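Subject: The two-chain model

Hi,

Here is the model I said I would hand over. Have a look at it first, and then read on for what turned up.

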Amino acid sequence: MLDSTRIWLWGGRLAGALVLGFLLLPIFAIVPLSFNGGSILAYPLQGLSLKWYAAVTSTPRWLHAVGNSLIVAVSTVAIATPLGTLAALGLDRIQFPGKSLLMALLISPMIVPVIITAVGVYFFFAPLGLANSLTGLVLAHAVIAVPLVLVTVNASVSQLDRGLLRAAESLGASPMTTFRKITVPLILPGIVSGTIFAFAASFDEVVIALMITGPGQKTLPRELLSGTRENLDPTVLAVASILIAISAGLLLLLTLVQHRSAKHHT
Amino acid sequence: MTTEKHRPRRALSANAVGIALVAPLALFLLATFFIPLGGMLFLSVDDRELGKVMPGTVAALADWDGAGLPGPAAFEAAGRDLVEARKAKIAGTAARRLGYEASAWRTTIQSTARALPRDIAAVTDWKSTLIAADDAWGKPDIWQALARARGPLTDVYLSSALGLQGGQDSTLYVNVLARTFVIALSATAICILLALPAAYLLASVGPITANLLMMALLLPLWTSVLVRSTSWLVILQKNGIFNQVLISLNIIDTPLELVYNRIGVLVALTHILLPYAVLPLYASMKALPRSQMQAARSLGAGPLNSFFRIYLPQIVPGISAGGLLVFILALGYYITPLLLGGQGDQMLPFYIAYNTLQALNWGLAAALASILLIATVILYALYVRLVGVQRVGV
């Protein structure tokens, strides 16, 4: 009786571990292949080499795409972080019955499938001449990035210790001073986390980029998509591995920021 | 007294400051998201194209009763409109629009526009001139189609998206809708099945191990969908890693066909959506006291029995929240089926993009997108009722 229970419990755990392995498989399967000495996309590796990375850094097409992606992601963040942060601070002060509906509307770009946002923006931007421009891409990326900032900052604003604000006020600090010296430092981890989310959302985005960029504005994911569809070679895997490394780096940064803020709170 | 006097004013000014802070974002989203989406919804019923190319014809047909052939004035208006359209090189727009009514009329419009004489002052009998150019003009059908297409609104795109319009490809988009639903539902079912043991493992280990294992969930979640789809293509393709391993282990002799079909789509979609199913399930499992299962077992319930009767009913909220979220998300994937599916595995988003960029049938693209948008909004409202707006996306 007890033994069969044990078997079921350990069976469940083993199945869980296999599922987690399945989740990690695609990442760990392709990164080593990008260091393959040969050009076949299979194991065992034919020696180790950095030549596919060298191929990426010596191809103007890829470098141009990296440049575009960075410009777009940084500009997206420059729009999304201030707008999202201000709105989160504002929502905290508002008290009226429609508040949750307002919140739902403001974060709705997160739920609407990105293909719909892409098509809507495409139909709207095409007559304005924004369809084949980085400006159009930045505006559309800001739309999908801003809810991430809003939700993240909103979470840290709602955790704010109101006692500290009242204490500052009763000690004679002006609202502006209280905001600068108390509120901003306390919600800064939320703002930084939101910015990381927004940057990642733009940097990895491909569907909108596919819709509203011409040949001159191809971003890194856009070139990666072309590469995967037209010529799936180790260079494409090197680019994919670079994107994985950037994602992992951003995740690490996010974990550090949240870890530090958790330490501050206790 | 004074505080009571002050309170409403303070609340009012706090609201005013709050609204002023929310306003920039609200205006930004209005201009770049809500108005474009509204425009897209409108585009799915907008029918002013023909009126721009053939204004005279549209006016002449305005009070035609639709029986038999229209009067000579309509023939003359159509003839003059098509000559003007030829000069302005916009006859293609009218041809395309009429082609949605019946594909043969696309050629009728184009060839008539080409065949009409240059010197229209010499034309006395427009009716016989048009019929000489294409005998379709001698039948009532094309005139009825012109009258239907005169605008300003139409249901032609929505009804062809929903398969309500007769004709050769009337079932194309019904099949696409059904396929999208089936693929999303299959992916959701597989995700829940796989999420159960994964969430159980996370909930049954200590906090430090759980944090470490959580990375196995977050790292893929943070890796872009495109990169993961590319990766699955490398793993599953004919000479890919998976087939090579099976062949070298002598399990199979010939490679399995795992991509450009439903298998590839479902494997990659499941992988992409799985974390969204695990996280809410993990939260609801963690909330369960461990002693409950022990109590059930010590009272003599078998492991399966106590799982189905004690454990499962309590994690149903986690299952339904995760399942609904996965289903909503699954409806909208474009890149994954594009890379891993065959022609028969493309979902609604593919046809939205195809009609926007390749077929250039914006009305139909907008109609398909509107259907997806409305389905998403309804399911999202259901999801919010289930979990509450505060927890969405956190």
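UniProt, in an unreviewed entry, places "domain: ABC transmembrane type-1" at residues 66-254 of chain A. For chain B, the record lists the feature of that name, again from an unreviewed entry, at residues 177-383. A word on such records: UniProt positions are given in the numbering used here, feature names are shortened, and annotations may be inferred rather than shown by experiment.

Before going further, some housekeeping. This is a predicted model, where local features need pLDDT of at least 70 and side-chain atom pairs count only at pLDDT 80 or more, while totals for chains, interfaces and linings use all residues. Residues are numbered from 1 along each chain as its sequence is written, and chains are lettered from A and ligands numbered from 1 in the order in which they are written.

Residues 66-254 of chain A are 79% helix and 0% strand, with 22 Å between the end C-alpha atoms. Residues 177-383 of chain B come out at 79% helix and 0% strand, with end C-alpha atoms 21 Å apart.

Now chain A as a whole. What does its secondary structure come to? The count is 11 helices and zero strands, and the pattern along the sequence reads α-α-α-α-α-α-α-α-α-α-α. Chain A is more spread out than a compact globule, because its radius of gyration is 23 Å, well over the 18 Å that the globule rule gives for 266 residues. (That radius is taken over C-alpha atoms, and the rule is 2.2 Å times the number of residues to the power 0.38.) Along its principal axes, the C-alpha trace of chain A spans about 70 × 70 × 30 Å.

The unreviewed UniProt entry also marks "transmembrane region" in chain A at residues 66-89, 101-125, 137-157, 186-214 and 234-257. Among them, residues 66-89 are 100% helix and 0% strand, with end C-alpha atoms 34 Å apart. Residues 137-157 of chain A are 100% helix and 0% strand too, and their end C-alpha atoms are 30 Å apart.

On to chain B, which has 19 helices and zero strands. Its radius of gyration is 30 Å, well over the 21 Å from the globule rule for 394 residues, so chain B is also more spread out than a compact globule. The C-alpha trace of chain B spans about 100 × 90 × 35 Å along its principal axes. Chain B is divided into domain 1 (48-152) and domain 2 (168-391), with bounds from an automatic or database domain assignment. The centres of these two domains of chain B, taken over C-alpha atoms, are 51 Å apart.

For chain B, "transmembrane region" in the unreviewed UniProt entry covers residues 12-35, 181-203, 215-235, 263-283, 315-340 and 360-383. One of these, residues 181-203 of chain B, is 100% helix and 0% strand, and its end C-alpha atoms lie 32 Å apart. Another, residues 215-235 of chain B, is 90% helix and 0% strand, with its end C-alpha atoms 22 Å apart.

How do the chains meet? 75 residues of chain B are in contact with 76 residues of chain A, where contact means C-beta atoms, placed from the backbone, within 7 Å. Which helix gives the most to the side of chain B that touches chain A? That is helix 1 (residues 2-43) of chain B, with 22 residues. The side of chain B that touches chain A has 56 nonpolar, 17 polar and two charged residues. (Ala, Val, Leu, Ile, Met, Phe, Trp, Tyr, Cys and Pro count as nonpolar, Asp, Glu, Lys and Arg as charged, and the others, Gly among them, as polar.)

Finally, a few local details. The peptide bond from Tyr43(A) to Pro44(A) is cis, with omega near -5°, and Pro44(A) sits in the loop between helix 1 (2-33) and helix 2 (51-57) of chain A. In chain B, the bond from Gly151(B) to Pro152(B) is cis, with omega near 0°; Pro152(B) is in the loop between helix 8 (140-148) and helix 9 (156-161) of chain B. Lys89(B) is not a glycine, yet has a positive phi of about 55°.

Cheers

Definitions and conventions. Helices (H or I, at least four residues) and strands (E, at least two) are DSSP runs, numbered from the N terminus. Two residues are in contact if their C-beta atoms, placed from the backbone, lie within 7 Å.
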